[in-house]
Amino acid sequence: MKRDWLIWLGAAILIFATPSFIKSPYFFTVLIFIAINGIVVLGLTLLMGFAGQVSLGHAGFFGLGAYFSAILTYHYHFDPWIAMVLALVATLFIASLLGIPTLRLHGHYLAMATLGLGVVLQIIFKEEVELTGGPSGMGGIPYLKAFGISFSNDYRFYFLSWAFMLLLLGLSINLVHSRIGRALRAISQNQVAAGTLGIPVSRLKLLIFALSAGYASLAGSLYAHYMTFVSPGPFGFMASVKMVAMVVIGGSTSLWGALLGTALLVSLPELLTKLQDYEMFVYGIIMILVMIFAPKGLAGMIGKVGSLARIRLKEPNAGTG
Amino acid sequence: MLELVEIGKSFGGVRALDNVSFALEQGEILGLIGPNGAGKTTLFNIISGIFPPDQGRVRFQGKDITRLAAHKIARLNIFRTFQNLSIFDGMTVLENLLVGNHLVGKAGIFSAFLKTPWERREERMIQRRALNLLAEIGLAAAANLPAKSLAFGKLRLLELGRALAAGPQLLLLDEPAAGLNQRETEELMAFLAGLREKEITIIVIEHDMSLVMELSDRVVVLDQGKKIAEGRPREVQQNPAVLTAYLGEDDWIKSLRR
C-alpha cells in the first residue's frame, strides 16, 4: 500500500513535470488519450483482476458517458460538469440493470450480457440520428471550464485528464487495500468460501461492475469535451476488445498494469503508423507473446525483474551469513 | 440451538438426504459419521446455505434459516471448513484471516475510497485480531507467506482459523483431520478441546474414529442419506444397525471396534 502511494507520487511528479521538457503538441494528444483510455482500463482492471469478471462492452459505457455529456450539453445546454455527473448516474443505473440479473449466476454471463449491451448501444448511437447525429456523429460540444479557465487546448486538457486519472488511481489504490477490496479478491479466488465468510457475493460483484462502468462513463465525458465531437466509431465492439487487451497485457492483478497496458497499446499504433492496416494483427501477436512470456502482464514482469534484482543484491550477504 | 427437521435433498435421481432430523444443544460437540456418500457434506452445505434442501426446515436459535443465502447464515455466526480445502490461494496467510474477519469490520466502499481515519482504525483492529489468531494456531511466523506455500497440515489449520476469525457460535468442521499425520492430528485434538471451553457449538464430520469418539458428546450416524443411529459414542459403537451399514468396509469395522 505504501509502495503503491510512493509510485503514485512518482507518477504524479513525472506527469506534472513532463510539459517543462516536452513541447510537441502531438505528444500531448497521445498522453491525453492514454489518460482517458487509462481511466476506462483502470475500472476494467478492478472488475477483471480484482473481482474476476469480464466485460466485453466497456467501450459501450465509455460511449454512454460521451454521448450523455454531448447530448445534455449540446441539445439541452446543461453545464458540462453537471452533465458529467448526470451521465455518471445514468451509466451506473444502466450497468446495475444489466448486472442485477446476470451477476447472480455463476460463470461468464456478464461477458455475454455486456457484449450484447455494447452492440445495442452501438445501434442506438448510429440510429438515433436526431439526438446523436447518427453515423457521422455530432459536433459543437462545449469545452470544460473551471475557475475561469477553459480546457480548450491540449496543454490544459493534459493536466485535467491526468488529474482525473491520478484521482481515480488514488481512490482505486485505497479500495484495493481495504476490507471491500479483500472481499472482492476473495470472491474472484473462491466464491463459495467467500460466501460462507459473510461476503455478499452478488452484491459486491454488482458494486464493482457498476463502479467500473462509472469509470468508463467519466472517461467518456472527458473524451466528449476534449474532442468536442463524438461519433459511434470509438465505442464499438473492437474498442471493447482493445480495452480488455490493455488490461491483460498490462497485467490484470495490478492497478499499474492498467496504466502500462494502456500506454503501450495507445502509443503503439502511433509508433507503427506505417503498419496501420496490421494494427489488430500486431495487437494479437503482442497478446500472444505476453501470455506466453509474462502471464501476469507487463506489471507482473516488472515485479519479477524487481524481485530478481533484490535477490541478487542480497546474495553476497546470504553467502557469508 | 440448531434444529434440523425432516431434511430431504436429491441430486438427479439420487436421494442424498432422506428425512434427516436431529437437534443440537448449546455448547455441544456432535460427531457426524457415516460411510462415503452418506450425505454428511450435503447436510453441511444445507446448513451453511450453499444450497437449500428440497424438504424440511433448518432452525437456528428458534429462527427459520432454511432458505437464507450463505452470507446471511454467516451473519448468524455459523462458520464452516471444507473437506477439500478452500483456502484463498492467491493471498498471504494473514490475508486469509483478514477475509475471515470480514463480518467483524463494517467499512463500506466510501470509507474505503477515502481511507478515513475511522477506516484506518478498523483496519488496525482487524489486523490485530488476525495476528492474535495466527499466533493461537501457531502460524504467526508464516503471516506474510503466500498461503499456497504452506504444507497441507498447516493449510487445514489456516482454514480452521479462518472459520474461527469472526467468532463462531456454531462451527461446522468437515473432516478436519483428513490428510494430517499422527502428530498433527493430536495437535488438532488439543486445539478443538480448547474450543469446547469457549462454549462454541461444533458439528464435526470425521473418518478418524478415535478423534470422533474422544471429542464428541453425541454422535449421529448417516447411511445412504438416512439417519440410522444417534446417541453417546459408546452406544453408537455397539449399535447393530451401524455395524451393518459399515459391513464390507473393513477399515470402518476395525476402527469401530478399536
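At what angle do the axes of helix 3 and helix 11 of chain A cross? Keep that in mind while you set up.

**Before you start**

This is a predicted model, where local features need pLDDT of at least 70, side-chain atom pairs count only at pLDDT 80 or more, and totals for chains, interfaces and linings use all residues. Residues are numbered from 1 along each chain as its sequence is written, while chains are lettered from A and ligands numbered from 1 in the order in which they are written.

Helices (H or I, at least four residues) and strands (E, at least two) are DSSP runs, numbered from the N terminus.

**Stop 1: two crossing helices in chain A**

Select residues 58-74 and 237-250 of chain A. These are helix 3 and helix 11. Their axes come within 7 Å and cross at roughly 115 degrees. Axes are lines fitted to C-alpha atoms, for helices over the stretch in contact, and angles run from 0 to 180 degrees between N-to-C directions. Angles under 35 degrees count as roughly parallel, over 145 as roughly antiparallel, 65 to 115 as roughly perpendicular and the rest as oblique. Helix 3 and helix 11 of chain A are therefore roughly perpendicular to each other.

Now show the touching residues. Helix 3 of chain A brings His58(A), Ala59(A) and Gly60(A), and helix 11 of chain A brings Ala239(A), Ser240(A) and Met243(A). Contact here means C-beta atoms, placed from the backbone, within 7 Å. The residues of this contact divide into three nonpolar, three polar and no charged. In this scheme Ala, Val, Leu, Ile, Met, Phe, Trp, Tyr, Cys and Pro are nonpolar, Asp, Glu, Lys and Arg are charged, and the others, Gly among them, are polar.

**Stop 2: helix 4 of chain A**

Select residues 80-102 of chain A. The expected span of a helix is 1.5 Å times one less than its number of residues. For the 23 residues of helix 4 of chain A that gives 33 Å, and its end C-alpha atoms are 33 Å apart, which agrees.

Color the buried residues. A residue is buried if 20 or more other C-beta atoms lie within 10 Å of its own, exposed if 12 or fewer, and partly exposed in between, with C-beta atoms placed from the backbone. In helix 4 of chain A the buried residues include Pro80(A), Met84(A), Leu88(A), Ala95(A) and Thr102(A). What covers the buried residues of this helix includes helix 3, helix 5 (109-127) and helix 10 (201-227) of chain A.

**Stop 3: where the chains meet**

Show both chains. The contact takes 29 residues from chain B and 23 residues from chain A. On the chain B side, helix 2 (70-75), strand 6, helix 3 (93-100) and helix 4 (109-114) each supply at least two residues. By class, this side of chain B has 15 nonpolar, eight polar and six charged residues.

**Stop 4: the six-stranded sheet of chain B**

Find the open sheet of six strands in the order 6-7-8-3-9-10 of chain B, with mixed pairing. Two strands pair if DSSP finds at least two bridges between them. The edge strands are strand 6 (78-80) and strand 10 (226-231) of chain B, and each pairs on one side only. Neighboring strands of this sheet are turned by 15 degrees against each other on average, direction ignored.

Walk in from strand 6 of chain B. Three bridges join it to strand 7 (residues 170-174) of chain B, and the two run parallel. Phe79(B) has Leu171(B) as its bridge partner. Next, strand 7 and strand 8 of chain B pair in the parallel sense over five bridges. Leu172(B) stands opposite Ile203(B) there.

Is strand 3 (residues 29-33) of chain B enclosed or open? Five of its five residues are buried, so strand 3 of chain B is largely enclosed by the rest of the structure. Ile29(B), Gly31(B) and Ile33(B) lie on one side, and Leu30(B) and Leu32(B) on the other. Strand 3 of chain B pairs in the parallel sense with strand 8 (residues 201-205) of chain B over four bridges. Strand 3 of chain B also pairs in the parallel sense with strand 9 (residues 218-223) of chain B over four bridges. Leu32(B) stands opposite Val220(B) in strand 9 of chain B.

**Stop 5: Thr92(B)**

Select Thr92(B), in the loop between strand 6 and helix 3 of chain B. Its C-alpha atom and that of Pro146(B) are separated by 4.1 Å, though the two are 54 residues apart along the chain.

Notes:
Contact = placed C-beta atoms within 7 Å.
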